[in-house]
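Hello,

Here is the structure we talked about handing over. Please open it and keep it beside you as you read my notes.

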Amino acid sequence: MESVLNEEQKRGEELNGRWTVAGGVADVDGEDRATEDQLFTPWTVSVASGYSLLRDPRHNKGLAFTERERDAHYLRGLLPPTILSQDLQEKKFMHSLREYNLPLHKYMSMMELEERNERLFYKILIDNVEELLPIVYTPTVGEACQKYGSIFRRSQGLYISLNEKGKILEVLRNWPERTIQVIVVTDGERILGLGDLGCQGMGIPVGKLALYTALGGVRPSACLPITIDIGTNNEHLLNDEFYIGLKQKRATGKEYYDFLHEFMSAVKQNYGEKVLVQFEDFANHNAFELLSKYGTTHLVFNDDIQGTASVVLAGLVASLKLLRGTLADHKFLFFGAGEAGTGIAELIALEMSKQANVSVDETRKKIWLVDSKGLIVNSRKESLQHFKKPWAHEHEPVSNLLDAVKAIKPTALIGTSGVGKTFTKEVIEAMASFNEKPLIMALSNPTSQSECSAEEAYTWTKGRAIFASGSPFDPVEFNGKTFVPGQANNSYIFPGLGFGLVISGAIRVHNDMLLTAAEALASQLTRENYEKGMIYPPLSNIRKISAHIAANVAAQAYDLGVATQLPRPADLFKYAESCMYSPNYRSHR
């Protein structure tokens, strides 16, 4: 007993010393780059060994355990005699993965790998990010959510349903990790462009947090995916015998908001005020309300509103190299006036205000929105939802997108409608008729809901379009030139933004941080990128990009006085890189 206590004491001293990085939280599991070369003890409740070690995804290395480790941890006979390096394991897995024809099968294979060997999962995802991002996230994650009940194997997060009303704090304490830095939570009501998927929306928090780690460097042990199950209005799911959630209609009104308030209060009580809560795929009316209500009391972020806005703004800032002038020299027309559209519009207005030193009310006049009833104008103001009212300008009513394009003559057409094929040939040709380089951003996900394809945009503008989309499209060849479509993927922004908040110990998210993140992303493009018509840098550089964004966001947190990790590091970029999660296998004692 005494020897065990002595070992615990040594471990505590070790953790309180050189292993304390990443927002001041001890690196208990040897996850950060700064501790990569240090010997590591695979603790669970006790030192993991034997069969239990092979079943622990955080510490399992499969056939990569060395002869010495096999002796020290009682693994003899539990593994075949050969020893494979992590690189060889990666090569073997990727060869197997590429044998699958269906993206959903690849998704399931990746999720199964994460459940048995966490480090290998993240190494493979980091090393093959451009190939695997569409598998672990959009568009494949949409199909995975639709079929989540059928493919469900093992719980990967917390499910908090109305059955737990009054007991949410107890539920949070059931999660084995105590030091949580990032929570992604959804209520499943508006999953991508697929609508109400209820409890099966869990695929979104799981996927987002995998990207927080792979792209942004947040430790897997510090991430917690949560689904709030307050029912579903999806009749198909309510009648599906394999549906894994509550089979009842959604709670609304006071019952809904009281339940969410209990959740937010419990999160703060259990994890403190430095835990980042990212709201994901909530319906418009709830998304705005929750962000407004908790933005001043919690560290909260809505990726659909703020993350999308920041990544689109980055593309617009970058496109100025091709369009010339400043943001204020151009007009913007949105098709879709929900949380994404109005969020993007507001951030563009803030950036224009910052650049031109004029009021936001003035810069909003450069931005027009079209919703399901047509152009948003002053004569409709009384009937508009509150978040649309700032965008009602003086103009005669216009009932459809094509007529709005012809009337407003925007430089940029931005789609956030969630309705596919709405940027028709007539609409795109109208954009090309008064723009030398029309900027077309078809942002709706998944691919089936994209307002137009890359090929359509380039073909209908005779190769003059600057194009970006929400889901990936292959390069397009037109008149002997190859165009590389940009992907306005939120994964450019939210991992680096979140990591910057974590390493600075920030307690609030400010709009200035979103502007800073967008500017930092736009600055990462090279001349070669612009020559290919790109307005986003290659995802292959995403870890470096995220470190750059994190450093700039952390700097903004210190400047605004909301950072708590003191003293401020002298070189925030190097500090961010040192705190990043490393998936390389550790040498076990």
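**Helix 15 and its neighbours**

Helix 15 (residues 303-323) packs against helix 16 (residues 339-356) at an angle of about 50°, and their axes are 8 Å apart. Before going on, note that this is a predicted model: local features need pLDDT of at least 70, side-chain atom pairs count only at pLDDT 80 or more, and totals for chains, interfaces and linings use all residues. Residues are numbered from 1 along each chain as its sequence is written, and side-chain values use heavy atoms, with hydrogens and water left out.

Some terms come up at once. Helices (H or I, at least four residues) and strands (E, at least two) are DSSP runs, numbered from the N terminus. Axes are lines fitted to C-alpha atoms, for helices over the stretch in contact, and angles run from 0 to 180 degrees between N-to-C directions.

Helix 15 and helix 16 are therefore oblique to each other. (Angles under 35 degrees are roughly parallel, over 145 roughly antiparallel, 65 to 115 roughly perpendicular, and the rest oblique.) The crossing of helix 15 and helix 16 is right-handed. (Right-handed means the near helix is turned clockwise from the far one by less than a right angle; anticlockwise is left-handed.)

Which residues make the contact? Helix 15 brings Asp-304, Ile-305, Thr-308, Ala-309, Ser-310, Val-312, Leu-313 and Leu-316. Helix 16 brings Glu-339, Ala-340, Gly-343, Ile-344, Leu-347, Ile-348 and Glu-351. (Contact means heavy atoms within 4.5 Å.) By class, the residues of this contact are 9 nonpolar, 3 polar and 3 charged. (Ala, Val, Leu, Ile, Met, Phe, Trp, Tyr, Cys and Pro count as nonpolar, Asp, Glu, Lys and Arg as charged, and the others, Gly among them, as polar.)

Helix 15 also packs with helix 22 (residues 511-522), at about 40° and with axes 8 Å apart. That angle makes helix 15 oblique to helix 22. This crossing is right-handed too. Helix 15 uses Gln-306, Ser-310, Val-311, Leu-313, Ala-314, Val-317 and Ala-318 here. Helix 22 answers with Leu-514, Leu-515, Ala-517, Ala-518, Leu-521 and Ala-522. The contact of helix 15 with helix 22 has 11 nonpolar residues, 2 polar and no charged.

**Helix 11 and helix 21**

How do these two helices cross? The axes of helix 11 (residues 203-214) and helix 21 (residues 494-504) come within 9 Å and cross at roughly 70°. That makes helix 11 roughly perpendicular to helix 21. Their crossing is right-handed. Lys-208, Leu-211 and Tyr-212 of helix 11 meet Phe-494, Pro-495 and Gly-498 of helix 21. This contact has 4 nonpolar, 1 polar and 1 charged residues.

**Backbone points in loops**

Thr-138 and Pro-139 are joined by a cis peptide bond, with omega about 10°. Pro-139 sits in the loop between helix 7 (129-136) and helix 8 (140-146). A cis peptide bond also joins Leu-566 and Pro-567, with omega about 0°. Pro-567 is in the loop between helix 24 (542-560) and helix 25 (572-579). Asp-281 is a residue other than glycine with a positive phi, near 60°. Find Asp-281 in the loop between strand 6 (276-279) and helix 14 (284-294).

**Cavities**

The whole structure holds 4 cavities of 30 Å³ or more. (On a 1 Å grid over the protein atoms alone, a cavity is a set of points where a 1.4 Å probe fits but cannot get out; lining residues have an atom within 4 Å of a point. Points are joined across faces, edges and corners, and a volume is the space filled by probe spheres set on them.) The largest cavity has about 140 Å³ of space. Its lining includes Tyr-107, Met-108 and Phe-152. Helix 5 (103-116) gives the largest share of that lining, 5 residues.

Best wishes

Key
On a 1 Å grid over the protein atoms alone, a cavity is a set of points where a 1.4 Å probe fits but cannot get out, and a pocket is an open set with protein on both sides within 12 Å along at least five of seven lines; lining residues have an atom within 4 Å of a point.
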